[in-house]
Amino acid sequence: MDIVVVSNRVARLDAEEPMTGGLAAALLPVVRDSGAIWVGSSGRTRDTSVKEPLLEVAALGKGALATVDLPAAHYRGYYEGFSNSALWPALHSRADLVRVEPEDYAAYREVNAYMARALMRFCRNEATMIWVQDYHFLPLGAELRRLGVTQPIGFFLHTPLPGRDMLAAVPHHRELIEAMLAYDLIGFQTVDGQRNFADYVRRELGLTVRSAIVRSRHGETRLGTFPIGIDTALFAERATKAAARPEVSRLRSSLQGAKLVVGVDRIDYSKGLANRLRGFAALLETQPSFRRAVTLLQVAVPSRSDIPTYRALEHEVATLVGNINGRFGEPDWTPVRYLNKGFSQTTLAGFYRTAGVGLVTPLNDGMNLVAKEYVAAQNPFDPGVLILSEFAGAARELEAALLLNPHDTAAIARALARALGMSQQERCERWETNMKVLRASPVQLWFSDFVRTLDDQASMALPVVAEVPALPGAQGVSTLSTVPTMRGSEAPVMRFERH
C-alpha cells in the first residue's frame, strides 16, 4: 500500500532547522521511515490561471517530499482568511474572533480543488491510500471523489473539535461538515472531539451514527480517536546529546544556580501566553523567596503576523514581559527571558532537559506535543516537573503532570511553587508514570493504527448509491459520469475539465 500524506505545511529532514509546528514535527519521523509521500505547500504562490499544478519531489529518508506552489489569487483568502480567521478561532472555541469575508470561503474551496488536482498524479495506482491532515483541507476528500478518486481517503484533525453551537459560528459549516463525510475515516485527538462530531451530524444533518459509523450520501464514514504521540526514543536521545551543545551549556551556566522554567509556543491566543506570564508574576509577587531563584525562559515563535488579532497578541505579550522584568528584575537577574524566534528540535530538547519545570498552559489545544517532548527530554535520575493545562489533549494521557485551569493565574502560581519545591522522589515517580504512556503510544503507533483502520474501513464499507453534486468554488465545466468506488458504490462523480 502506497501512502500519500497531505498537509498545508511540510517539514525538512534537517533536525538543525527550526521546526514550524507540532504537526510537522510529528509527521517527519514517520514519513521519513515509512516510505510515504508527503505532499504540501512549497511556501510559494504563483499565477495558476493557465497551468495545472506542478509538484517538486525530493527524497525524505525512505519516503519523499512533494511540494506545490499554491494559487496566488486565492492564497490569502484561503490561509489568512477562512483557515485562520474563521476555522481556527471556532475550532479553539473563540467564536468572538471569527472574522471572514465572503470571498475567503470561495478562496478556501478553490485551493482545496487545486490541491485535489495536484494529487491526481499519485492516484493512478489503485494501491494508493491518501491521508489528509488538519483543518486547511476539510473538503479535500470530497474534491478528490469528484475527480473520480476511488482509493481510501482518510482525514485527521489535529485541533480540538468543539460542540455544535461553536461550529455553527463558521460560515458554511453544514456544507463543510457534510463534505467531510466523503472521507472513509475521520480521526480525532480525543474522545470529546469524536463525540462532538457525531453529535453535530445527528442534530444538524439528521444522520444516524451507529458504532462510530456515519452513513451519508457519500457512503460509510468511520469516526475514531487516535491521540498523536512523538518519537519518544529519538527525542530522549536528542536531549541527551544536546546537553553538551554550546548554546545549552551557556544557558545552564548563565542561570548561576537559579532554577529554570521553560515554555515553548507559537504566538497564538489558544496558547494562554498572557495568563502564563501573569501566573509567573503572581508567583514572584506572593512568594518573594522565588525572586532571583527562578527564571522563566519563554520561546514565542511569531505566527500569522499579518492577521490583526495576532499582531495585537504579540504586543500584549511583549508588554507583559517588559512590565514583569521592569517590576521584579535586578541588574544581575532577569525574571523572564523572552525569545521571539524559533529553534531546532535539537536545541529545544536541550532547553527542556535543562529546565526543572515545563510550563504548558494552553487555553485549548488538540494535543500539544511540547508537553510530551518535555517529558521525553528529562534526565531519568533528576527529572523536571510538567505543569499542564487540563484543556490540552495531552492532559487525557499525562495524568501524572500537575494539571490546572489555565484561566486561573493564582493556580499557575501555586503549581509553579509546588513544582519548584517538589522532592526528587516524587519527580521521578511522576516522570516514570508519564514516560510509560509515551513509550506505549509513540507517533509510529499513531501512524500505523490510523492506516490500518482506514484500510479496514475502506474494504468493509457497505454499498450506498448516492449523488455527489458539484461543490462551490471549483473551476471548470462539470460532466457527470459513473465510476465504481472503493466505498462500495457506483456513485455519480463530477469530473472537471478546464476551459
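Biologist: Which strands does helix H13 (residues 369–376) lie across?
Modeller: This is a predicted model, where local features need pLDDT of at least 70 and side-chain atom pairs count only at pLDDT 80 or more, while totals for chains, interfaces and linings use all residues. Residues are numbered from 1 along each chain as its sequence is written, and side-chain values use heavy atoms, without hydrogens and water. Helices (H or I, at least four residues) and strands (E, at least two) are DSSP runs, numbered from the N terminus; contact means heavy atoms within 4.5 Å. Helix H13 lies across S11, strand S14 (357–360) and strand S15 (385–389).

Biologist: Which are the edge strands of the sheet?
Modeller: Two strands pair if DSSP finds at least two bridges between them. The open sheet has 6 strands in the order S13-S12-S11-S14-S15-S16, with parallel pairing. Those pairing on one side only are strand S13 (336–339) and strand S16 (402–404).

Biologist: What residue of S12 stands opposite Asp265?
Modeller: Strand S11 (residues 259–266) runs parallel to strand S12 (residues 294–301), joined by 8 bridges. Opposite Asp265 stands Ala300.

Biologist: At roughly what angle do the axes of H13 and helix H15 (residues 424–440) cross?
Modeller: Axes are lines fitted to C-alpha atoms, for helices over the stretch in contact, and angles run from 0 to 180 degrees between N-to-C directions. These two axes come within 10 Å and cross at roughly 120 degrees.

Biologist: Which residues of H15 make the contact with H13?
Modeller: From H13 come Lys372, Val375 and Ala376. Those of H15 are Trp431, Asn434, Met435 and Leu438.
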